[in-house]
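Here is a colleague's note on the structure, written as numbered points. Please keep the model open while reading and look up each residue as it comes.

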Amino acid sequence: MRKVAIATDSNSGITQAKAREMGISVLPMPFYIDEALYFEDITLTQEQFYEKLQSDCAITTSQPAPGDVTDLWDKLLEENDEVVYIPMSSGLSNSCETAIMLAEDYAGKVFVVNNQRISVTQKQSVLDAIELARRGKSGAEIKDILEAMKLDSSIYITVDTLKYLKQGGRVTPAAAAIGTILNIKPVLQIQGEKLDSFAKARGFKQAKKIMLDAVERDMEERFRDQTVHLHAAYTCSGEEAQAWKQEIEARFPGYVIDMDRLSLSVACHIGPGSLAVTCTKALSE
């Protein structure tokens, strides 16, 4: 049986410490903050990021340098026969296309998964890849299975402030001003390639209900009679996140609700104080 290494990037929300526990590799994503270069979870902590974000520092995301990507693959291939690399969605970054081009020089030893996931759903793809490798699947088989499941997941997000959506051009200044006065909380969805508008709510209470209703519809319609994973995700405080997790548990009793911070690449666009819930189809037995 061929030995398959699993790798991803830090858009998955998997920390370096957690990666070591899981037996995988995580490539840190680069961020430019006031033109200085930082690497997620290496030279930039979650706390530092939010402090700089709220201080109105100029923050831009970037993609890993090609040399950093190939250095990681070369290292993994010293002890493995194949590498399965799961980057963030190709619809949200060019890093996936870059990795696909780089993999052409590896003679079928590196398989780049373009399954349009990010953050906690990308993390679930990594967990699925680990399980598939444990079952004896080859790198090519893991890639095919994960890409066939690429739309079998949704993230629903509501934001605390319209400030960062306005900065990113997703909300006009006029709409942001009116929305702030009326306490409008947009509900966003990531399914596949894009971060899209899903609904508008008056306040957090209604926004959370809209998100939970959407997950229930997914379970009853898209994933009827199938096993799913539910995750809570957040950019708010730990106490608020725990309360949100308890709301999800109350709505969907019997489910184990994993909880993670949303990745910094998502947080750049939505800001602190956000809540999210995800529903992802589980691997077939």
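1. The second largest cavity holds about 30 Å³ of space, and its lining is made by Q63, P64, V69, S95, T98, A99 and L102. A cavity here is a set of points on a 1 Å grid over the protein atoms alone where a 1.4 Å probe fits but cannot get out, and lining residues have an atom within 4 Å of a point. Grid points are joined across faces, edges and corners, and the volume is the space filled by probe spheres set on the points. Helix α4 gives the most to this lining, with four residues. By class, the lining of the second largest cavity has four nonpolar, three polar and no charged residues, where Ala, Val, Leu, Ile, Met, Phe, Trp, Tyr, Cys and Pro count as nonpolar, Asp, Glu, Lys and Arg as charged, and the others, Gly among them, as polar.

2. Please bear in mind that this is a predicted model, in which local features need pLDDT of at least 70 and side-chain atom pairs count only at pLDDT 80 or more, while totals for chains, interfaces and linings use all residues. Residues are numbered from 1 along each chain as its sequence is written, and side-chain values use heavy atoms, with hydrogens and water left out.

3. Helices (H or I, at least four residues) and strands (E, at least two) are DSSP runs, numbered from the N terminus. The classes in the lining of the largest cavity are three nonpolar, six polar and two charged residues.

4. Most residues other than glycine have a negative phi. Q116, however, has a positive phi near 55°; Q116 is placed in the loop between β7 and α5 (119-134), and it counts as buried because its relative accessibility is 9%. The term buried means under 20% relative accessible area, exposed means over 50%, and partly exposed lies in between (1.4 Å probe, protein chains only). S119 also has a positive phi, near 60°, and is found in helix α5; with a relative accessibility of 1%, S119 is buried too.

5. How many aromatic pairs does a search of the whole structure find? It finds five, where rings of Phe, Tyr and Trp (its six-membered ring) pair if their centres lie within 6.5 Å, and planes under 30 degrees apart count as stacked, over 60 as edge-to-face and the rest as tilted. The ring centres of F49 and Y50 are 5.2 Å apart and their planes stand at 80°, so this pair is edge-to-face. F49 is buried at 0% relative accessibility, and Y50 is buried at 8%. Together with F31, these two residues form one aromatic cluster.

6. W73 and Y106 make another edge-to-face pair, with 5.4 Å from centre to centre and 85° between the planes. W73 lies in helix α3 (residues 66-77) and Y106 in the loop between α4 (95-103) and β7 (110-112), so the pair ties together parts that are 33 residues apart in sequence. Both W73 and Y106 are buried.

7. A ring also takes part in a contact with a charge: the charged end of K185 sits over the ring of F204, 5.2 Å from its centre. For this, NZ of Lys or CZ of Arg must be within 6 Å of the ring centre and within 35 degrees of the ring normal.

8. The structure holds zero disulfides, a disulfide being a pair of cysteine sulfur atoms within 2.5 Å. For C268, the nearest cysteine sulfur is that of C57, 12 Å away. C268 is buried at 14% relative accessibility, and C279 is buried at 0%.

9. Finally, E51 is found in helix α2 (residues 46-54) and counts as exposed, because its relative accessibility is 55%. The C-alpha atoms of E51 and P272 are separated by 9.8 Å, although these residues are 221 residues apart along the chain.

Terms used:
1 Å grid on protein atoms, 1.4 Å probe; cavity = no way out; pocket = protein on both sides within 12 Å on 5 of 7 lines; lining within 4 Å.
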